[in-house]
Amino acid sequence: MAGKKSTEPDEDILKNEYLKLVTPLKKPLTIHENRLLQQIQKKFSKKGFRLDINNSEIILYLQSIEFEAFRDYVQDLLDNPENNRDSLLVDKEIFLKIIEDISRIKSYGIKAGKRTYVTYRNERKVKDRQSKVTRRGLYYYAQNNTFSEKNTELPKRYENLIINDDSESVLKQLPDNCIDLIITSPPYNFGLGYDTSTDGVNWEHYFDKLFAVFDECIRVVKFGGRIIINIQPLFSDYIPSHHIISHHFMQKKMIWKGEILWEKNNYNCKYCAWGSWKSPSSPYLKYTWEFLEIFAKGDLKKSGRSEDIDITEDEFKKWVVAKWSVAPERKMDRYDHPAMFPEELVTRALKLFSFEGDVVLDPFNGAGTTCVVAKKTNRKFLGIDISKKYCDMAKKRVTEIL
Ligand SMILES: C[S@@+](CC[C@H](N)C(=O)[O-])C[C@H]1O[C@@H](n2cnc3c(N)ncnc32)[C@H](O)[C@@H]1O
């Protein structure tokens with residue numbers, strides 16, 4: 001802020017370590033506007049944020065900032081004049097423009113929850129990245145696939161349908177390359193007591209059946225389409241299901257597009273099971289998260305019209321950071337299903353990996369969370385579950401959405 005000399009960084013530092021944002025002013029700021037800006041500056045000044053004001057512009061120097069906290073603080077000042085009487089007498093546009101200008105900056109790093117501008121570019125970079133990628137062989141395991149690039153439409157009679165049957169046999173009836181995105185949470189083989197299935201069987205038998213369904217999924221998903229598998233390994237049996245499943249998809253020449261760690265924050269895991277109490281002999285590790293393994297068929301890029309994108313700028317920036325903190329589904333009793341995933345998880349996956357109008361399939365549909373979210377987000381759906389009871393619940397949930 002003009003006038004504060006001793007703590008000001010010198011011009012070179014400003015040039016190299018700060019991003020400069022200029023907001024032109026239509027007229028000089030009033031005393032109220034100045035005071036409000038001073039209050040904002042004071043709140044966010046700790047190395048990383050600095051304001052210079054003259055009669056024609058506000059210059060904002062940014063190094064790092066917790067943007068959401070900044071936006072909420074300024075918005076609160078403007079909306080609640082009782083917190084600062086000056087906010088009654090200011091031109092709000094000036095302040096909103098600053099928020100908007102910061103929110104529009106696309107290029108930044110994240111450090112300790114704060115956005116960092118400029119200096120993140122100094123971080124260690126790989127030289128000649130492209131040639132190294134070529135030399136190493138990009139997703140080498142998925143090269144020379146035999147996937148056809150010709151996509152077809154899902155036959156109309158399957159659109160927005162919930163089918164009560166074994167998914168392997170239903171999927172066999174669908175044509176190749178007709179589904180845009182598959183998202184599913186298969187039985188984990190924990191022995192959860194589903195309505196019909198034998199969850200909790202011999203592992204080889206379990207994976208044989210799972211892979212028979214997944215192979216059909218690979219066949220029916222479009223070229224460029226995605227398959228997302230939500231899985232929790234059975235840590236207590238030392239079965240890394242997420243690795244075994246990923247390995248299978250990669251053997252089938254699907255590209256491993258990435259992995260999302262779904263942090264459920266459910267610290268109510270048993271604290272009497274230590275393995276070996278306070279001894280390195282065999283300590284038992286505990287987990288509060290599950291995985292979403294994401295695969296792409298033939299191409300990492302999916303085609304779609306820009307008008308069918310429904311993810312917002314804020315959502316995109318937040319959700320590409322592949323650790324999602326989402327509370328587990330709390331209404332399982334109401335839907336009478338023991339292992340549902342929450343709508344929020346599916347909403348993020350659909351908006352990040354598919355377009356409005358796309359066809360979404362869930363071959364282990366349960367109480368129909370995928371279909372519910374697909375309908376709410378203007379996608380078409382097909383859900384399959386072996387249990388009539390769960391299918392009835394899924395149909396009820398879907399029809400209740402207006
Ligand atoms: C983890 S649950 C899915 C829950 C679902 N994501 C939800 O939010 O409601 C797995 C589901 O797979 C179903 N299932 C098991 N074997 C199946 C099979 N061969 N074909 C179709 N569904 C099957 C079970 O009935 C169970 O509802």
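Visitor: What should I know about the model before starting?

Guide: It is predicted, so local features need pLDDT of at least 70, side-chain atom pairs count only at pLDDT 80 or more, and totals for chains, interfaces and linings use all residues. Residues are numbered from 1 along each chain as its sequence is written, and side-chain values use heavy atoms, leaving out hydrogens and water.

Visitor: How do helix 12 and helix 13 cross?

Guide: Two packed helices are described by the angle between their axes and the distance between the axes. Here the axes of helix 12 (residues 369-376) and helix 13 (residues 388-400) come within 9 Å and cross at roughly 15 degrees. Axes are lines fitted to C-alpha atoms, for helices over the stretch in contact, with angles from 0 to 180 degrees between N-to-C directions. Helices (H or I, at least four residues) and strands (E, at least two) are DSSP runs, numbered from the N terminus.

Visitor: Which residues of helix 12 and helix 13 make the contact?

Guide: Thr369, Cys371, Val372 and Lys375 of helix 12 meet Arg397, Val398 and Thr399 of helix 13; contact means heavy atoms within 4.5 Å.

Visitor: And in what order do the three strands form the open sheet?

Guide: Strands of a sheet pair through backbone hydrogen bonds, either parallel or antiparallel. This sheet has the order 1-3-2, with antiparallel pairing; two strands pair if DSSP finds at least two bridges between them. Strand 1 (19-24) and strand 2 (49-53) are at the edges, each with a single partner strand, so one side of each lacks a neighbour in the sheet.

Visitor: How many bridges join strand 2 and strand 3?

Guide: Five, linking strand 2 to strand 3 (residues 57-62) in the antiparallel sense. Isoleucine 53 stands opposite isoleucine 58 in strand 3.
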